[in-house]
Amino acid sequence: MTTDTATEVFEAHRPLLMGVAYRMLGRSADAEDVVQEAWLRWSGADRDGVREPRGYLVRVTTRLAVDRLRQIKARGETYVGPWLPEPWVTDLGATAPDAAERAVLADSVSLAVLVVLESLSPLERAVFVLREAFGYPYAEIAAMLERGEAAVRQLAGRARRHVDERRPRYDVDPGRRRDLTERFLAAAAGGDLDALLALLAPGVRLVGDSGGKAKAPLRVLENADKVGRFLAGAARKGVPDVAYRLLELNGGPALLVLSGGEPDTVFQLDVADGLIQTVYIIRNPDKLRALPTA
């Protein structure tokens, strides 16, 4: 295999590898580092002996992501306030035209699921991602992780139970989520408390991620009155030179607030029964730099 061919093969698999690495890590920069390291391994490997490049590349990327996740957990870093994954631009309608497949992919990369995955062990997370998001057979996952198939099945069962117990219920239908996102924008931008309360479920939660680098609640807000009043108050304070953009992040519609043309805030909503169940607010500037502004 020539160098040019090796590059073409790797680039053809890059979206898949980024998908695996991001779901494993919840951090775009770390995922990109892992994929770059996978490229270095691929470019320096004896590729003539690789019969299935896809399997080889996914295996290398998964192992590198497991190692990176172990390093992150070992550092035991503290984070100011609630932590949310770094927003990731997706276009699942283009990559998975089948509605059922798109729903599975959207669920596996959603903020709600990625938050739960943070509490899994690195191996549990790897097995969950490979099995649930990409449908790999247990035998292939076992080979990738150099574990017995029985052990991998146990890891998968434990991870699935953990996610099912902790994942909030929400509607993945993009049309319904987009409709509520647009209505939320109209109500929140105008500081209309009554309109906001009409959209919020009684037990709605607001999770704000600032990392201590911007203004956002340092604790999760709960119930419609608290969340509605916070959002209305924030709207009254305003954002200088504000503009809004709807885009697809983490498999669903999201609202990007721009200030002076630069990313300021991301809002994303979990919706069920026609009402907003969770409002995610990401304001940590380190997590917003890579988002498109036009």
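Select Thr 61 and show its surroundings: leaving aside residues up to four places away in sequence, Thr 61 touches Leu 17, Val 20, Ala 21, Val 34 and Ala 38, where contact means heavy atoms within 4.5 Å. Thr 61 sits in helix α3, residues 53-75. Helices (H or I, at least four residues) and strands (E, at least two) are DSSP runs, numbered from the N terminus. Is Thr 61 buried or exposed? Its relative accessibility is 0%, so Thr 61 counts as buried; the cut-offs are under 20% relative accessible area for buried, over 50% for exposed and partly exposed in between, with a 1.4 Å probe and protein chains only.

Two notes on the source apply throughout. This is a predicted model, in which local features need pLDDT of at least 70 and side-chain atom pairs count only at pLDDT 80 or more, while totals for chains, interfaces and linings use all residues. Residues are numbered from 1 along each chain as its sequence is written, and side-chain values use heavy atoms, with hydrogens and water left out.

Next, select helix α9, residues 149-166. Helix α9 has 18 residues and spans 26 Å from its first C-alpha to its last, close to the 26 Å expected at 1.5 Å a residue; the expected span is 1.5 Å times one less than the number of residues. Colour Val 152, Leu 155, Ala 156, Ala 159, His 162 and Val 163, the buried residues of α9. Seen down the axis of α9, these buried residues fall within an arc of 135°, so they line one face of the helix; the arc is that of the directions from the helix axis to the C-beta atoms. An α-helix has 3.6 residues a turn, so residues three or four places apart point the same way. The buried residues of α9 pack against α6 (111-117), α7 (122-133) and α8 (138-145). On the face turned away from the buried side, look for the exposed residues Ala 150, Gln 154, Arg 161 and Glu 165.

Now show the strands. Six of them form an open sheet of mixed pairing, in the order β2-β1-β6-β5-β4-β3; two strands pair if DSSP finds at least two bridges between them. The edge strands β2 and β3 each pair on one side only. Strand β1 (residues 200-209) pairs with β6 in the parallel sense over six bridges. Within this pairing, select Val 207 and its bridge partner in β6, Tyr 280. Helix α10 (residues 174-189) packs on the sheet, touching β3, β4 (252-259), β5 (262-272) and β6, and its direction makes about 125° with that of β5. Axes are lines fitted to C-alpha atoms, for helices over the stretch in contact, and angles run from 0 to 180 degrees between N-to-C directions. Helix α12 lies across β1, β2, β5 and β6, at about 50° to β1.

Move to Arg 283, in the segment after β6 (275-282). What does the side chain of Arg 283 reach at 2.8 Å? It reaches the backbone oxygen of Lys 215. A polar contact of 3.0 Å also joins the side chains of Arg 283 and Asp 264; the term means a pair of N or O atoms within 3.5 Å, and within protein one must be able to donate a hydrogen and the other to accept it, with residues adjacent in sequence counting only if both atoms are side-chain atoms.

Finish at Asp 241, in the loop between α12 and β3 (242-249). Asp 241 has a positive phi of about 45° although it is not a glycine.
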